[in-house]
Amino acid sequence: VPESRSDVLQGTLDLMMPKTLESMGPLHGYGIARRTEQESENTVSLNQGTIYQALLRLEQRAWVKAEWGTSETGRRAKFYSLTRSGRKQIAQETENWERVATNMARFLAPSN
Amino acid sequence: MSWIRVLLSRCSVFFRRRQLDADLDEELRAHIELAIEEHRAHGMTEPQACTAALRAFGGVTQVRESYRVQRGLPWLEETVRDIRFAFRKLLHSPGFAPTAILTLAVGIGANVVVFSVLNGIMLRPLNVPQPNNLVQIAGEGSRGDSQSYPDYRDYQDRNQSFTGILAYKIIHVGIEIDKSVFQSWGNAASGNYFDVLGLQPALGRFFHASDEHGLASAPYIVLSYDFWQHHLAASPHILGKVVFLNQHPLTIIGVAPQNFHGTDYFLWPDYWIPAVNAQQVTGWDDFDWRGHREFTLLGRLKPGITQQQASQNMDAIARQMAKQYPDDQGLTLTTRKPGPAGNSDDPIKKALLGMTLLAFLVLLAACANLASIFAARAADRSSELAIRLAIGSSRWAVARQLLTEAILVSLGGGIVGTFFARLLLGVLSHWRSGDFPNQFLIAPDERVYVVAIVLSIGSGIVFALLPAWQVWNTDVVQAIKSNYVAAGSFRRFAMRDALLLIQVAVCTLLVTSSLVTVRGMIQRLRAPLGISTKGVTLAQVDLQMAGIPDAQSRLTQKRLLDTAAAIPGVTAAATSDFAPFLGIWGWTVYSWDTTQFVPANAAFGAITYSVSRGYFQVAGTRLESGRDFTPDDKPGSPTVAIVNETFARRLFGTTRVVGKRFKLFDPVRLEIIGVVEDGKYSDPGEDPQPAIFIAYAQGIGPYLVSGPVTVLVCSHLPPDQIADALHRSLSQVVTTAPFSILTWSDAIDRSMVPARTATIVLGVMGLIAAMLAVTGLFGMASYSVSKRMKEQGIRMALGAQRIQVMRSTLNRPILILIIGACVGLIGGLLATRLLAHLISFPSTSDPLLLACVALVMMMLGLIATWIPARRAISIDPARLLRES
């Protein structure tokens, strides 16, 4: 297993997927999975199936909403889009992540 | 707040699971097909694309399962599944569920009834603001609860523990409203009564301490809400109206709040009058006689003062007062919770605790019963359960399934039991013993329902524990292979045997104790009464109520007697103040050489009747020695008394006492002129009581106040007719007070109600226990036998004699029956002793009776095992072996 690929943390997925929806607009599950993989440049290994549980979690918190629609190839599929409260959450979660990341970076930086 | 949203969303899913499952399936299918399309667009073949898509997706089933867990409330769904499965299972065995539910209904119902009564009488606080810092101030131990009014005022002045102490007593007087007179029960209360309780009137005002300015200074009356509703049509204009209590005018000043029923637990007073006016109404010296202890005292604790500190404070005051006043010699005081709950000697409390114990034992027997049936069912289903375990169900899931079934059954039993308990309680709460307007707030409240639910679920868990434990220990391989749990049944002492033992023991205990108690009570009820009630009718009137002055009471009594004797068909007539089983009065007896009439010198208290000549002939009481009263026993001549044998024995140690003398209080000296047989005076079950009969014509010292007069007439006419005649003629002599007319045997019946009720309750519990025992024994025994059918079949096929098979089948059950019956007997004897102590009946440990009970229980067990055993040996071994 290549060192660069790491398992996805649950919390990470919860931020990555709304972020994807924010930039791409409404997407179906497969689209979200592919897009997430591409955006992370395949550094995250994803069992695509696991995104559905994560999507449900977001739906229960009313960050995203789902509607049945038709894909570009004419298939019936469920499309997810960001709600207003979802948008607000992204801003807040991003800030959280950045703070954690900065702290971690500082912590892990080689001490002189 | 987002967790609420999540929870709501999860709950809402619960009802559209099927639709959502379909949606999920379609969504996942779409995902995979989209992936396949993309892979093919990149030039893969169909199978390659398919494999790649599935690989990238991960396990479809796992995804679906974790999605479902995230989506809904998994434990709820599982529980619902368990319940549905349990329902199906119970419907499959239509005999089991109703039997189990009925058994439990009996057990839980009995407990709900007993607990409701316990709750209503002992646990419910008084319906006043902050009932918790209200305590009763009473004498310690046998000193009695009641206090005198002068003592009360001293307590009130001297204590440092209470913000206020109130005093009240029950009065029973005639009340006249708008010219109609009827009997009523009320409270005479200290002026601060309502203020200490912290109540506000529903109408008008209450009386206060500031209204009291000495004797007869506050002629006011406050009505209870119910009385106002029923007798004054809830009219708001009644304030200022004058009503008459025993012909004394009192002004209505207010109405008490609706839910306030006084501070007694059994009597709901019709009204309250200031204690300063009670003497005027009742004629009794309540207000300043220190030795006359009639008042109940309740105190409101000061903030920060504990009940214990208050007790110490009151006890110190009692010691001071005992030195100060001769009447208070030996006075002790303590504080406790008001009502029967606080009184450790209260007979009602004891009886209730005894019944609680019995009811609990009945439930225990019912649970043991069901545990055995349930265990048997679980064992019969062992292959089903084993298969479930084998295909991956967790032991917990299977045990939970059994538990669900048990709790479902027990809740059913609880509901049915509570339903019947409510019906019974409805009847009980309307029960009145005679004229006494007792009220019980025993309708089940939320506390009772909580107890019912806890009992139901608790008993469900109790009787499901055993089968659940069996499942836990199931060896799956063995269970599937041999079609039944072999391990359990051949062990030396199986769990099943323990259950049978418990069952026999508990049921023997219940049957023994209830039989012995019922027997004791019947003996008590059959004891000779010392009177002959046949053809005797009583007419009682209160001359005080009628407003007849003391001086004229003797004249009125004579006119009543003459009028009654003149009624055609009356063969004999006499009067007394009270009659046995219809009112009671007593005096303290002192020996002849007493000079200090203080409690320490008292001999004992004796029931006292003030009778006319000829009373003993009408009452049918035998004169053992001496003479009856004669016309010469009149005021001015030496005062004389006739006493009963118990009196003679207790004061003089002999029954030859004619000519001996004793004293009642200072000026009252009595010479004994006759001795009559002992009798019962207020309760057919009472211990022998000393009694004095004095001549009504002579009175008791200065205390011949006008009071109750009971006319006793002997007649062969039907009771209705004589009652009519008595009413017509006597009402012309005394017009201002009502007569209560009834036959003497009715009066006795009425006084027997509590004892009869207790007897019936015990009898019913015993019967229930016996029924449980029989059904349980039959179930258990026949199950044990049927489990060994196959083994016995093999033995018979190998040539065993019938008698050998029989012996091996019956050996163990019989051993268990004997041990269980012995344990139960010993327990029963102990319980009987406890009950005798609690309900006070002569404890007769009757060895013959006990032997009979034990024998009957063993016979029942024997029959219960014998029948299936016979079936076992009469069956064709070849067929038996082939079938299994």
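Visitor: Which residues do ring pairs link into a cluster?

Guide: Ring pairs link Y168(B), Y193(B), F194(B), F206(B), F207(B), F260(B) and W272(B). Rings of Phe, Tyr and Trp (its six-membered ring) pair if their centres lie within 6.5 Å; planes under 30 degrees apart count as stacked, over 60 as edge-to-face and the rest as tilted. This is a predicted model, in which local features need pLDDT of at least 70 and side-chain atom pairs pLDDT 80 or more, while totals for chains, interfaces and linings use all residues. Residues are numbered from 1 along each chain as its sequence is written, chains are lettered from A and ligands numbered from 1 in the order written, and side-chain values use heavy atoms, without hydrogens and water.

Visitor: How many aromatic pairs are found over all chains?

Guide: The search of the whole structure gives 24.

Visitor: Why is the pair of F227(B) and Y271(B) called edge-to-face?

Guide: The ring centres are 6.3 Å apart and the planes stand at 80°, so the pair is edge-to-face. F227(B) is in helix α9 and Y271(B) in strand β8 of chain B, 44 residues apart. Helices (H or I, at least four residues) and strands (E, at least two) are DSSP runs, numbered from the N terminus.

Visitor: Are F227(B) and Y271(B) buried or exposed?

Guide: Buried means under 20% relative accessible area, exposed over 50%, partly exposed in between (1.4 Å probe, protein chains only). F227(B) has 2%, so F227(B) is buried. Y271(B) has 0%, so Y271(B) is buried as well.

Visitor: What makes F604(B) and F647(B) a pair that ties together parts of the chain?

Guide: Their ring centres are 5.4 Å apart with planes at 80°, so this pair is edge-to-face. F604(B) lies in strand β14 and F647(B) in helix α21 of chain B, so the pair joins parts that are 43 residues apart in sequence. Both F604(B) and F647(B) are buried.

Visitor: What lies over the face of F604(B)?

Guide: R650(B) does, at 4.7 Å from the ring centre. A charge sits over a ring if NZ of Lys or CZ of Arg is within 6 Å of the ring centre and within 35 degrees of the ring normal. In chain A, R61(A) lies over the face of W63(A), at 5.1 Å from the ring centre.

Visitor: Why does D475(B) count as partly exposed?

Guide: D475(B) has 44% relative accessibility, so the partly exposed class applies. D475(B) sits in the loop between α15 and α16 of chain B. The C-alpha atoms of D475(B) and L389(B) are separated by 9.6 Å, although the two residues are 86 apart along the chain.

Visitor: What makes strand β18 of chain B mostly covered?

Guide: Six of the eight residues in β18(B), residues 669-676, are buried.

Visitor: How do you know which strands pair with β18(B)?

Guide: Two strands pair if DSSP finds at least two bridges between them. Three bridges join β15(B) to β18(B), and these run antiparallel; G626(B) has G674(B) as bridge partner. Strand β16(B) has five bridges to β18(B) and runs parallel to β18(B), with V640(B) bridged to E671(B). Strand β17(B) is joined to β18(B) by three bridges, antiparallel, and F662(B) has L670(B) as partner. A hairpin of five residues joins β17(B) to β18(B).
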